[in-house]
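I opened the model to look up the contact between the chains first, then some local features. My entries follow.

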Amino acid sequence: MREVALIGSGVTEFGELWEKSLADLVAEAGITAIMDAGIDGTDIDALYIGGMSAGRFVGQEHLGSLAAEVAGLSDLHIPATRVEAACASGGLALHSGYLAVASGAYDVVVVGGAEKMTDVPGTEATNILASAANREWEAFFGATFPGLYALMARYHMHKHGTTSKQLAQVAVKNHHNGTLNPKAQYQRKISVEDVLNSTMVADPLHLLDCSPITDGAAAVVVASVETARQFTDQPVRIMASCHASDSISLSERSRFDALPAAVSAARCAYRQAGVEPTDIDFAEVHDCFTIAEIMAIEDLGFVDRGQGGPATEDGLTARDGDIPVNTSGGLKSKGHPVGATGIAQIHELMLQLRGQAGQRQVEKADIGLSHNVGGSGGTAVIHILEAI
Amino acid sequence: MAVPRYWREIPQRYNLVGTKCGSCGKIYFPPKVVCPTCRRKSLGHMEDCALAGRGTVESYTIIYAPPPHFEGEEPYTMALIKMDEGCYLMGQVVDLEPQEIHIGLRVEACFRRIYEDGTRGAIQYGYKFKKMEEAETP
C-alpha cells in the first residue's frame with residue numbers, strides 16, 4: 001500500500017440554504033477543494049461522493065454522474081462512484097478514495113459528500129433519517145432516531161451515573177466553538193439551562209441535545225504522497241483510514257453504553273497509524289446527539305469508560321483543554337448534512353493541521369482524528385491525519 | 001406502505017415467532033437464517049421458536065417528537081427489553097404512566113394496534129409490552 005495524502009479541501013456554508021440545490025452544493029464544495037489543491041480537471045483520476053438519501057430528500061439518485069456533470073468533468077469519462085452508509089457516507093467515501101489511491105489504482109481522486117435536507121418538511125426528514133435504523137424492527141414500532149440514542153443515553157446514565165447536565169455541556173461547548181466558525185449553521189452561544197429547558201424530544205434528550213437538519217457539502221482532494229508534493233507544500237498525510245460495521249439494529253449489539261463498531265475502528269486506526277490515544281492532539285467526533293460525543297471520547301480511549309460525562313464537565317475536550325473535540329462546532333452547532341458530515345470533519349482537521357483555523361486554531365495541532373458514525377452505530381469510520 | 005411488506009411479518013409480529021439455533025440452542029428475534037455464533041454449522045438447523053413474551057426493561061425513552069404514523073400518540077414509551085430467552089426486543093410499553101417506567105421493570109408482550117396507514121389503509125398490528133400482571137414465583 002502506498003502512502004496517501006490530502007492536498008486540498010473545501011466546504012459550503014452549512015444551514016437552511018433554500019437558494020441552493022443539491023447540484024449547486026456539490027459543485028461549490030468540489031470546485032473549492034480543487035482550487036485549494038491547485039489541480040486541474042485532467043489531473044483527476046476518479047470521483048467519490050458520499051450521500052445518504054438524495055433519492056428521498058430530493059428525488060435524485062446516481063450522484064456519481066451528477067457530481068461529474070456539475071464539476072465540468074463529464075467529457076473526461078472518469079470513474080465516479082456514490083457511496084452510502086447513512087450518516088457515515090462521507091467518511092466511507094473518503095475511505096474508498098483512500099483505498100483506491102493507496103492501492104496504486106489512481107494517483108489523484110476527489111472525494112465529496114453532500115446532503116440537501118430542507119427541501120422536505122421536518123417530519124419527513126426525520127422519517128428519512130429513520131431509514132438509517134432497522135425499518136422493520138425499530139422504526140415500525142415507533143422508534144425515532146433520537147429515540148435510539150435516548151435509549152443509549154438512559155442506559156449510560158444508569159450504568160455510569162452520567163447526568164443530563166453533563167450531556168448539556170457537550171452542546172454548550174460545541175455551540176461555543178461554533179461561534180468561531182463562519183460556515184456553521186448556528187453561531188451563537190447557549191447555556192446549560194437553555195439545553196435543559198428546551199423541548200423534550202426523546203427523554204432524556206432535549207431539542208438542544210440534538211444536531212439540526214442541514215443543507216451542505218464538503219470535498220477533499222486525495223493524492224499519493226509522491227504526487228502530493230507536485231501540487232502543495234502543505235500536504236496532510238492519512239496515517240490511518242479504518243472502517244468497521246455492526247448490526248443495524250440497536251437490539252442486536254453486544255452492549256448499549258458504547259458503539260462497538262467505533263471501538264473496533266479506533267483499535268484498527270491506532271494500530272495502522274502506530275499511535276496511542278494520548279498522541280492525538282484534537283478530534284472531530286460524530287456528536288449527532290450529545291450522548292454520542294460522550295460515548296465517542298470513551299470509545300476512542302481519550303477517557304475511561306463511564307468518564308465521558310465528568311471529563312466534559314471538567315473541560316478536557318474544550319478548545320483549550322487537553323484534547324479539544326469538535327473545534328468546528330461539531331454536528332451540533334456547525335450542522336449535520338448527513339452525507340457531507342464525514343468530509344466536513346476532514347476539512348476541519350486540515351484547517352487545524354495547516355494552521356488555517358483562524359480564531360479557533362488549537363495550539364498544538366500535529367495529529368488529528370475524525371470519528372464518523374452511521375445510524376445508531378452500524379457503521380464507524382475513523383481517520384487519523386498528520387501535517388507533513 | 002404496500003400491504004405484503006407487513007403481511008409477511010405477521011407470524012413474528014403477532015406471535016413473537018423467532019428462531020432457535022439447533023446447534024447451540026441460542027434463541028433469536030427477529031428470525032435469522034444463520035446463527036452468528038455457529039455460522040456454517042447452523043445452516044439447515046435454524047428452527048422456528050415462539051418466545052414466551054416475558055422480559056425485563058434494559059433501557060427506555062419517552063418519545064415526544066413522533067414519526068409520521070405516530071402523530072397524536074405522543075408522549076409514548078419505548079423500551080429495549082431483554083427477553084427471558086436472552087434476546088433483546090424494541091417495543092412500546094403501554095398501559096402505564098410515564099413515571100412508572102424504570103430499568104429492571106418486568107414486562108410481558110401484548111397484541112396491539114401499532115398504527116393505521118391513513119383512514120383507508122391497512123391497520124398494522126403487532127406486539128407492545130405492559131407491566132407483568134401476576135407476581136412471579138422466583
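I began with Glu100(B), which is partly exposed, with a relative accessible area of 30%. My classes are buried for under 20% relative accessible area, exposed for over 50%, and partly exposed in between (1.4 Å probe, protein chains only).

Conventions: this is a predicted model, where local features need pLDDT of at least 70, side-chain atom pairs count only at pLDDT 80 or more, and totals for chains, interfaces and linings use all residues. Residues are numbered from 1 along each chain as its sequence is written, chains are lettered from A and ligands numbered from 1 in the order in which they are written, and side-chain values use heavy atoms, leaving out hydrogens and water.

**Entry 1: a salt bridge in chain B**

I looked up the partner of Glu100(B). Lys131(B) forms a salt bridge with Glu100(B), with the closest N and O atoms 2.5 Å apart. The rule asks for a side-chain nitrogen of Lys or Arg within 4 Å of a carboxyl oxygen of Asp or Glu. Lys131(B) lies in strand E8 of chain B and Glu100(B) in the loop between E6 and E7 of chain B, so the pair ties together parts that are 31 residues apart in sequence. Helices (H or I, at least four residues) and strands (E, at least two) are DSSP runs, numbered from the N terminus. Lys131(B) is partly exposed, at 33% relative accessible area.

**Entry 2: the contact between the chains**

The rule finds two salt bridges across the interface of chain B and chain A. In a salt bridge between Lys32(B) and Glu252(A), the side chains meet at 2.7 Å, N to O. I count 10 residue pairs in polar contact between chain B and chain A (both at pLDDT 80 or more). A polar contact is a pair of N or O atoms within 3.5 Å; within protein, one must be able to donate a hydrogen and the other to accept it, and residues adjacent in sequence count only if both atoms are side-chain atoms.

I then checked strand pairing between the chains. Strand E5 (residues 200-203) of chain A and E4(B) pair in the antiparallel sense over two bridges. Two strands pair if DSSP finds at least two bridges between them. Asp203(A) stands opposite Ile62(B) in E4(B). The peptide bond from Asp203(A) to Pro204(A) is cis, with omega near 10°.

**Entry 3: a sheet in chain B**

Three strands of chain B form an open antiparallel sheet in the order E2-E1-E3. E2 (27-28) and E3 (46-50) stand at the edges, each with a single partner strand, so one side of each is left without a neighbour in the sheet. Thr19(B) stands opposite Tyr28(B) in E2(B). The peptide bond from Phe29(B) to Pro30(B) is cis, with omega near -5°. Pro30(B) sits in the loop between E2 and E3 of chain B.

**Entry 4: positive phi**

Most residues other than glycine have a negative phi, and most peptide bonds are trans. I looked up exceptions. Asn326(A) has a positive phi of about 60° and is buried, at 0% relative accessible area. Phi of Leu16(B) is near 50°. Leu16(B) is buried too, at 6%, in the loop between H2 and E1 of chain B.

**Entry 5: Gln166(A)**

Is Gln166(A) buried or exposed? Gln166(A) is buried, with a relative accessible area of 6%. Its place is in helix H7 (residues 164-178) of chain A. A polar atom of the Gln166(A) side chain lies 3.0 Å from the backbone nitrogen of Thr163(A).
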